[in-house]
Amino acid sequence: MAKVLFIVSGATYWVLKDGTRYATGYWAEEFANPYKILTDAGHEIVVATPNGVTPNVDMMSLRPEMVGGNDNALELEAVIRSAEVMRRPLQLSDVRLEDYDAVYLPGGHGPMSDLAWDADAGRLLTQQLASGNPLFIVCHAPASMLATRIHGESPFKGFNVTCFTDEEEEGVGLASRAPWLLETDLKEKVGVNFSRGPVWKPYMVEDRNLVTGQNPASAAVLGDRMLEILR
């Protein structure tokens with residue numbers, strides 16, 4: 001069976017343009033759906049965060065209206081409660097990529113606060129991309145690509161990529177308050193070849209060993225694709 005590293009944000013808030021602290025963390029279904037898909041198939045998950053802090057779930061992502069009803073919300077909560085690995089994460093600085101068969105990064109607004117600036121996250125993404133081993137990144141987690149830049153150049157330049165769109169950021173009411181927008185910065189500062197699907201619908205882009213997903217609904221699609229590749 002395979003061993004998969006989940007690199008998860010340790011942030012609990014994101015500072016907006018006006019200095020307001022916006023409560024956040026990782027997005028429930030972006031962790032829980034791939035986690036369940038992989039562990040049900042017998043694969044092992046290891047979690048790593050900046051400084052080894054315990055990841056914080058964005059409570060908004062457990063609201064029934066955000067996940068298609070009360071049953072879905074309870075199911076996500078049950079998966080997260082059962083995931084012991086979330087309570088004893090590794091420090092990103094201690095991770096040895098050769099120990100893992102694949103790497104996955106769930107989103108939520110948390111990565112906009114920490115992974116986008118984290119040198120260890122940038123180093124690990126650069127190494128994983130160069131290794132040719134699978135690298136899966138969903139929703140806001142492609143923010144971590146910004147941390148891969150050295151003298152303004154990123155190894156992700158020219159890759160086909162998707163992420164949470166500026167239109168979707170407007171849809172959640174944060175576009176005008178955000179200090180920066182993910183889609184815009186990935187195109188302008190990383191130089192990715194960006195594409196997208198309809199808002200809130202699953203959309204996945206695969207380019208060499210990099211697989212990205214647009215939004216929370218895309219996480220299960222990435223989980224299924226990871227399962228296929230790991231077989």
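Helices here are DSSP runs of H or I with at least four residues, and strands are runs of E with at least two. On that basis the protein has 7 helices and 11 strands. The model is a predicted one.

**Overall form**

- The C-alpha trace of the protein spans about 40 × 40 × 35 Å along its principal axes.
- The radius of gyration is 16 Å, which agrees with the value near 17 Å that a compact globule of 231 residues would have.
- Residues 24 or more positions apart make up 77% of the contacts in the protein that have a separation of 6 or more.

**Burial and surface**

- Among the 231 residues of the protein, 55% count as buried.
- The protein has an accessible surface of about 9800 Å².
- Carbon and sulfur atoms account for 48% of that accessible surface.

**Packing of H1 and H2**

- Two packed helices are described by the angle between their axes and the distance between the axes.
- On the H1 side, the contact is made by Ala28, Glu29, Phe31, Ala32, Asn33, Tyr35 and Lys36.
- On the H2 side, Glu75, Leu76, Val79, Ile80 and Ser82 meet them.
- By type, the residues of this contact between H1 and H2 are 7 nonpolar, 2 polar and 3 charged.

Methods
Residues are numbered from 1 along each chain as its sequence is written. This is a predicted model: local features need pLDDT of at least 70, side-chain atom pairs count only at pLDDT 80 or more; totals for chains, interfaces and linings use all residues. Side-chain values use heavy atoms; hydrogens and water are left out. Contact means heavy atoms within 4.5 Å. Ala, Val, Leu, Ile, Met, Phe, Trp, Tyr, Cys and Pro count as nonpolar, Asp, Glu, Lys and Arg as charged, and the others, Gly among them, as polar. The radius of gyration is taken over C-alpha atoms; the globule rule is 2.2 Å times the number of residues to the power 0.38. Buried means under 20% relative accessible area, exposed over 50%, partly exposed in between (1.4 Å probe, protein chains only). Accessible areas come from the Shrake-Rupley method with a 1.4 Å probe; for residues, only the protein chains shown count as cover.
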